[in-house]
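Here is a short briefing on one protein chain. Look at the sequence and the model first, then read the points below.

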Amino acid sequence: MTSQDTKNLSKSAQRVQDAITSAGCEFTVLELPGSTRTAEESANTIGCELGQIVKSLIFKGKESGKPVLLLVSGSNRVKEKKVAKYLGEKLVKADAEFTREVTGFAIGGIPPIGHLTQPVTYIDEDLLQYEVLWAAAGTPHAVFSLPADKLVALTQGEVVAVKA
């Protein structure tokens with residue numbers, strides 16, 4: 001994989017690159033020719049293990065309507081009841097409109113940072129077993145890699161168990 005001039009990034013990918021830089025990190029957003037819309041597509045396009053993909057899933061608190069971001073290993077499925085215990089209320093899967101409203105990004109390219117509204121963030125503990133992770137960067141073709149141990153500081157998220 002080759003790096004590219006970040007001056008040529010799409011608007012959404014550039015927003016993620018700016019958020020990375022603002023956080024004091026030096027990770028580089030890459031726009032790839034293959035799709036990274038799903039975790040499986042991402043792993044195939046990047047050439048990494050499925051578990052190294054950070055799925056950014058938006059939910060909302062059923063009573064509060066608060067946005068909740070779950071950063072989940074690409075190989076895991078979320079047990080919503082388990083995460084609801086951390087939040088203190090039931091979770092509802094956010095629709096595309098709510099997702100775009102709170103993040104500023106469309107489903108399929110949601111990054112772990114750079115959202116319009118700061119969500120409550122939970123990080124799948126299984127992500128921390130990898131040395132390097134790959135996350136979406138604002139579009140279905142943009143990604144960035146980061147050391148797993150930097151994910152908590154970058155997102156201010158809480159590490160939890162999310163799977164059944």
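Start at a turn. In the hairpin of strand 6 and strand 7, Gly 138 takes a positive phi near 100 degrees. Five residues sit between the two strands of this hairpin. The model is a predicted one.

- Strand 6 and strand 7 are antiparallel and share five bridges.
- Within this pair, Val 132 is placed opposite Pro 147 of strand 7.
- Strand 7 also pairs with strand 1, residues 30-31. This pairing is antiparallel too, over two bridges.
- Leu 30 has Val 143 of strand 7 as its bridge partner.

**Strand 3 and its partners**

- Strand 2 and strand 3 form an antiparallel pair with seven bridges.
- Lys 60 faces Pro 67 of strand 3 across this pairing.
- The hairpin of strand 2 and strand 3 has five residues between its strands. Gly 65 takes a positive phi near 75 degrees there.
- Strand 3 and strand 5 run parallel, joined by four bridges. Val 68 stands opposite Val 120 of strand 5.
- How many residues of strand 3 are buried? Seven of its seven are, and the strand is mostly covered.
- In a regular strand, side chains alternate between the two faces of the sheet.
- Both faces of strand 3 are covered. Pro 67, Leu 69, Leu 71 and Ser 73 are buried on one side. Val 68, Leu 70 and Val 72 are buried on the other.

**Nonpolar cores**

- The largest nonpolar core has 30 residues. Ile 20, Val 29, Leu 133 and Phe 144 touch the most other members.
- Two or more residues each come from helix 1 (11-22), helix 4 (96-103) and helix 5 (151-155). The strands that give two or more are strand 2 (53-61), strand 3 (67-73), strand 6 and strand 7 (142-147).
- Helix 1 supplies the largest share of this core, four residues.
- Beyond residues up to four places away in sequence, Leu 133 touches Gln 52, Val 54, Leu 127, Phe 144, Ser 145, Leu 146, Ala 148 and Leu 151.

**The loop between strand 5 and strand 6**

- Leu 127 is found in this loop. Is Leu 127 buried or exposed? Its relative accessibility is 0%, so Leu 127 counts as buried.
- Leaving out residues up to four places away in sequence, Leu 127 touches Gly 51, Ile 53, Val 54, Leu 71, Val 72, Ser 73, Leu 133, Ala 148 and Leu 151.
- Leu 127 and Asp 149 are 22 residues apart in sequence. Their C-alpha atoms are 9.2 Å apart in space.
- Asp 126 lies in this loop too, between strand 5 (120-124) and strand 6 (132-136).
- Asp 126 has 15% relative accessibility and therefore counts as buried, the cut-off being under 20%.
- The Asp 126 side chain makes a polar contact of 2.8 Å with the side chain of Lys 163.
- Apart from neighbours within four places in sequence, Asp 126 is in contact with Ser 73, Asn 76 and Lys 163.

- Gln 156 is not a glycine, yet its phi is positive, at about 60 degrees.
- Gln 156 counts as exposed because its relative accessibility is 65%, and exposed means over 50%.

**Overall form**

- The protein has five helices and eight strands. From the N terminus, their order is α-β-α-β-β-α-β-α-β-β-β-α-β.
- The radius of gyration is 15 Å, close to the 15 Å that the globule rule gives for 164 residues. The protein is therefore as compact as a globular protein of that length.
- Along the principal axes, the C-alpha atoms fill a box of roughly 45 × 30 × 25 Å.
- Buried residues make up 49% of the 164 residues.
- Among contacts with a separation of 6 or more, 63% join residues 24 or more positions apart.
- The accessible surface comes to about 8,300 Å². Carbon and sulfur atoms account for 48% of that surface.

How values were computed
Residues are numbered from 1 along each chain as its sequence is written. This is a predicted model: local features need pLDDT of at least 70, side-chain atom pairs count only at pLDDT 80 or more; totals for chains, interfaces and linings use all residues. Side-chain values use heavy atoms; hydrogens and water are left out. Buried means under 20% relative accessible area, exposed over 50%, partly exposed in between (1.4 Å probe, protein chains only). A polar contact is a pair of N or O atoms within 3.5 Å; within protein, one must be able to donate a hydrogen and the other to accept it, and residues adjacent in sequence count only if both atoms are side-chain atoms. Contact means heavy atoms within 4.5 Å. A nonpolar core is a set of buried Ala, Val, Leu, Ile, Met, Phe, Trp, Tyr and Cys residues joined through side-chain atoms within 4.5 Å. Two strands pair if DSSP finds at least two bridges between them. The radius of gyration is taken over C-alpha atoms; the globule rule is 2.2 Å times the number of residues to the power 0.38. Accessible areas come from the Shrake-Rupley method with a 1.4 Å probe; for residues, only the protein chains shown count as cover.
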